[in-house]
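Please look over the sequence and the structure shown here before reading on.

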Amino acid sequence: MSAFSFVCPFCGNTNMDSIGVRNGKFYCRKCLSFRGQEAKSRISKEKDVVWNLNYELSNDQAKLAQILLNNYQKKKNSFVYAVCGSGKTEIVLRVMSYAISKGQNVGFVVPRREVIIELSERFKKIFQSNTVTSVYGGHSKMLIGDLVCCTTHQLYRYNQYFDLLIIDEIDAFPFRNNEVLNAFFKKSIRGNFIMMSATPSQKYLSEFEKNGGCIVELFSRFHAYPLPVPEVFIMPKPMLIIKCYRLINKFIKNQKPIFIFTPTIKKCEEVFHNLKSIFPSGNYVHSKRSNREQIIGDFKLNKYRYLVTTAVLERGVTVKGLQVIVFEANHSIYSSYSLVQIAGRVGRKKEEPEGEVIFLANELNEEINKSIRTIEEANKNLQNLFKNDT
Amino acid sequence: MKPLFLKFRVVDIAALAIYQYDEEIKTLLYQVKGCYDVELAEVFFSRFKAELHHLFKGFILVPAPSSKSDDKEREFNHVEAIFKPLKLPFLFLIEKAFPYKQAELNARQRTKAKTRMKLITNNKMYGKKILIVDDVYTTGSTIKGMIGLIKPLKPKKIMVMVMSKTFLK
């Protein structure tokens, strides 16, 4: 062992600032929490795959599904650049079932725990004749199956394992800019990957293409309605909560479920405390709330009229007829990416495509402006798509 | 990390707790104990290591018993690593009579602590000053058990110092 250099055998880190000495030996301090049972390699035969999807794909979706399959068969990586709610999950079903039918190792990965739980339930319903295994914090006894659904954190368990790995929301916390998670992601793949995102950076896209990957774009929401353009209300801070009361009152009268996004856990509890005395039928969720899966489930069953939440519900959750209020939208924690993702929670289900997105702030900032420009741009693209169809 | 320097008593023995066991301490301790991050252990006392050294100069530190197999897998003893910055001598006087995890015992089980530990050396502790040390003080059953085993050795003085103490609501 050289006295001056060390390469972590797990995450590849070589930065001596994050390397310590334990019992006379070097150890990596960057990937400390990534230790545990590893998945054993498996050999699987070709098998039947039966899809169970009770709705049709749109023309755009079907076209893309075929392109993704062709790319995979040609051993190319793909990047799906698609708007929120455009049905990204549906367009990868074709390539996934192809890979499963060939007995290959297939994985679907997202950064957030709540999203993985919801997604693996969906996949279990779709691929009823195959084993779908979900792996996330506290739920890692079973690691293999025809389809593995896990959080990005769990990828450390899979070494040169996946023939096809699909990763959604790559720009979400904590995956974005995280060297360790990215290192384990690369290490887990022995075949090809498909990345999906609604808000990638231009730099990322051009590097991806340079490395031989294919970018596919899907800008129509699968029900062909535009993304809701957020309405912004600027007023002094003490007035924001009052505006919030008025909006919630209006939405509850119209029987619409509501998400109220807050920038921090502390603010989340504070706002809920203020709201619950006037509107008792609500709850709150954040990353430190241990029973949040239960609460989200109850909200979907209409047990609550509103949920006060942090960024934990920014992505991946689908609720019919949802209305969204972003409290303190000019807070430094909100990038234009996250504001676009939050707006994407609205109008997701075919039966109820329109809803309101309200930003409450005490002043405008560049991130709010940029998010509105992005959404208006995506909607213009949508209009252009329709122009070409006629 | 806000140190409390809380003085309290365990039976008739004077004790000192540096921090309240809250989410922050819990997270840091998990990284040291659960993720084997020995380099982080010194962070608890580094700010006032000189003061604590002088406060307890002449004392021998006796850590709460830990599992030998855990220490082997971790490649270090976490209590020793946390108190190392004090630059005071250690003596592993007491060990577990059989393997158990303190955190996994309920309150009732914890009250019979004395039966779970034993003295391992025949070192003469007569007339010596002993400082019992541990990372977290909850019911105090571990510390009480240790006091029970050490008192008969007739040291000159016994005191207790814990890095953190839980406060029941």
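Predicted model: local features only at pLDDT ≥ 70, side-chain atom pairs only at ≥ 80, totals over all residues.

Residues are numbered from 1 along each chain as its sequence is written, and chains are lettered from A and ligands numbered from 1 in the order in which they are written. The model scores ipTM 0.83 and pTM 0.70.

Helices (H or I, at least four residues) and strands (E, at least two) are DSSP runs, numbered from the N terminus. A residue is buried if 20 or more other C-beta atoms lie within 10 Å of its own, exposed if 12 or fewer, and partly exposed in between, with C-beta atoms placed from the backbone.

Two residues are in contact if their C-beta atoms, placed from the backbone, lie within 7 Å. In chain A, 76% of the contacts between residues at least 6 apart in sequence join residues at least 24 apart. For chain B, residues 24 or more positions apart make up 76% of the contacts with a separation of 6 or more. Read from the N terminus, the elements of chain B follow the order β-β-α-α-β-α-α-β-α-β-β-α-β.

**A sheet in chain A**

Two strands pair if DSSP finds at least two bridges between them. Chain A contains an open sheet of 6 strands with parallel pairing, in the order β10-β15-β14-β11-β13-β12. Its edge strands, β10 (231–234) and β12 (282–285), each pair on one side only. From one strand to the next, the twist averages 20°. Within this sheet, β11 (residues 258–261) and β13 (residues 306–309) of chain A pair in the parallel sense over 4 bridges, and I258(A) is opposite Y306(A).

Helix α8 (residues 265–276) of chain A lies across β11, β12, β13 and β14 (323–327), and runs at about 175° to β12(A). Here axes are lines fitted to C-alpha atoms, for helices over the stretch in contact, and angles run from 0 to 180 degrees between N-to-C directions.

**Helix α9 of chain A**

In helix α9 (residues 292–300) of chain A, the buried residues are R292(A), I296(A) and F299(A). They line one face of the helix, because they fall within an arc of 60° seen down the axis of α9(A). The arc is that of the directions from the helix axis to the C-beta atoms. These buried residues pack against α4 (113–126), β12 and β13 of chain A. Just after α9(A) comes N302(A), with a positive phi of about 65°.

**Strand β5 of chain A**

Which way do the residues of strand β5 (residues 132–135) of chain A point? V132(A) and S134(A) point one way, T133(A) and V135(A) the other way, and all are buried. In a regular strand the side chains alternate between the two faces of the sheet. β5(A) pairs in the parallel sense with β6 (residues 147–151) of chain A over 4 bridges, where V135(A) stands opposite C150(A).

**Contact between the chains**

The contact involves 8 residues of chain B and 6 residues of chain A. On the chain B side there are 4 nonpolar, 1 polar and 3 charged residues. Ala, Val, Leu, Ile, Met, Phe, Trp, Tyr, Cys and Pro count as nonpolar, Asp, Glu, Lys and Arg as charged, and the others, Gly among them, as polar.
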